[in-house]
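Please consider the structure shown below. This report describes a strand with its pairing partners and then a helix.

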Amino acid sequence: MERSLQLQPKLMRRFYEVLVLLRVLSQVQGAKLCGDTLEEGGFDHLGAMEMRRKTMYHLCVMCDYLKGGDTVTAIASENIPCGPRYWIAANDHLEKIKCFLIEVLKMLETQVEMEAYNSELHVFEQRLFAKFVSFQKARIKQYWKLLQPHVETELKRIALSPEPRDNASEYREWLRAFKSPLTTLDSYSQFSQLAYDKRRSRFLRVAYDPITMEAVTMESGPRKDIRHYVGRLCAPRRAATLLTYAAANHPALFEGSSVQCHSSGSTSKPPAARGGLTLEGISARMFPNGSPALLEFRGALQSLDSKGSILARVLSQYQDQKWRPRVHAELALLEVLHERKCSFYDNDKYIACSKAACFCCYHYICGHQGTFTRPPSHNKIYLNWEPPDVRGQARYSEQRNIMNGLTVQVRQAVIEKVLNAHRSIKWHPDSSTGITPSVVFLSESEVSPDLARQSSSMSGSSRASSQGSQSSAGSESHESEDCEDGGVSLVQ
């Protein structure tokens, strides 16, 4: 067997020094990217490829049982004669996730064999839902905790309103439903079902404030956060519904299925900073010798450093004990599938992941010779990232080219940030809310013509911006699993 090869330290040092600089300048690199994903549609309209993608995506989401990045899961389906082989990788806790996935696939395969009637399918869906809730209990609890402060904020706004309207009173009762405590496993299921039932409430989608009746957008504020956590809480119900439908209508997804694990490996030590690391040195390595653009860039970077201590923050990152690069789950699968020359159904080289790809994963996959499906991406920088090991000189040369291309992408992003520091990029979180971003309007009898026109104008621009950022398995907007901001301020 050919031995595993790692890239040259010099190449990796040059990559990480600009990646760290870019992260210090800003975590967000632009709007979310859709990748080569398919459009949302009702279950009845989904073909085999679309249903296969959605099945893998929802299995990933259910396997990712802890909030954060430790249990991020990637799944791909290999076409073998005896039935689909589901390859799985996770950042951590792989054995536990593997056992859960095997149990779920067995449930789905058994359901296929039963050829149940609709009434029996409902019973099966409830069993599957209960299993998902049980496995996702810790995540549901965390979302419940995060939801409570925003519910309280809105309840206080209603209490302080001088003349509460009937609509505000209805909104108050709607909010109070989310105050129910989580005590037993049944209460977790009931809370997830509550979120699913209320996910399309007008209080989450209207283009007006339900308390003041003023025209607003859902761009920020407590209602946006409530909408996000409600969407996350109903994920187990949504997955149970989709997978039950898949078992009844696309049995080939589960008949003879098997699971194959691939570890993404352990974390690595971060690269050591180049001795005497300076902004001048980083700048010089970013441009060809004698480039006239170097002087302009160096001057702009020094100006930012004088206002925002850029170099000090770069050096501080190299000393951060929490910086532990690791191979992300989707890249671990990508390389093993490519190395083994695996066969895919419909030649659809799709790797599902419970989270959208980061900036580095997205560009690595786009530059890969295997022509895998471009994933959706939240387009943000995460420093705990490294490329996977490869075997053989040929793959080493290919990966070196990928990393050289990725370094160029990072350098271009740094140049853009430095030369256009006055342009702010709005921070967007990165996990899937799971609620289609649509808007509900009041009837003519409930709202004045001026307010209706104002609301229509605001929602129209909101829809236009959302169309460029939809991604993942369906029209699901992306929100964050963490509370990081979008990088440091460039100008103080």
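In which sense do β2 and strand β3 pair, and over how many bridges? In this predicted model, strand β2 and strand β3 (residues 85-90) are antiparallel and are joined over six bridges. Within this pairing, Thr 73 has Ala 90 of β3 as its bridge partner. The hairpin of β2 and β3 has six residues between the strands, and Gly 83 takes a positive phi near 140 degrees there.

Strand β2 also pairs with strand β5 (residues 352-353), again in the antiparallel sense, over two bridges. Here Ile 75 stands opposite Ala 352 of β5. The two pairings are set out below.

| Pair | Sense | Bridges | A residue and its partner |
|---|---|---|---|
| β2 and β3 | antiparallel | six bridges | Thr 73 and Ala 90 |

Why is strand β2 described as largely enclosed by the rest of the structure? Six of the six residues of β2 (residues 73-78) are buried, so the strand is largely enclosed. In a regular strand the side chains alternate between the two faces of the sheet. In β2, Thr 73, Ile 75 and Ser 77 are buried on one side, and Ala 74, Ala 76 and Glu 78 are buried on the other, so that both faces are covered.

Helix α11 (residues 279-286) is mostly covered, with six of its eight residues buried. These buried residues are Leu 279, Gly 281, Ile 282, Ser 283, Arg 285 and Met 286. Their cover includes the helices α1 (9-25), α12 (292-308), α13 (310-318) and α16 (393-419).

Technical notes. Residues numbered from 1 in each chain as written. Predicted model: local features only at pLDDT ≥ 70, side-chain atom pairs only at ≥ 80, totals over all residues. Heavy atoms only, no water. Buried < 20%, exposed > 50% of the residue type's maximum accessible area, 1.4 Å probe, protein only. Helix = DSSP H or I, 4+ residues; strand = E, 2+ residues; numbered from the N terminus. Contact = heavy atoms within 4.5 Å. Pairing = 2+ DSSP bridges.
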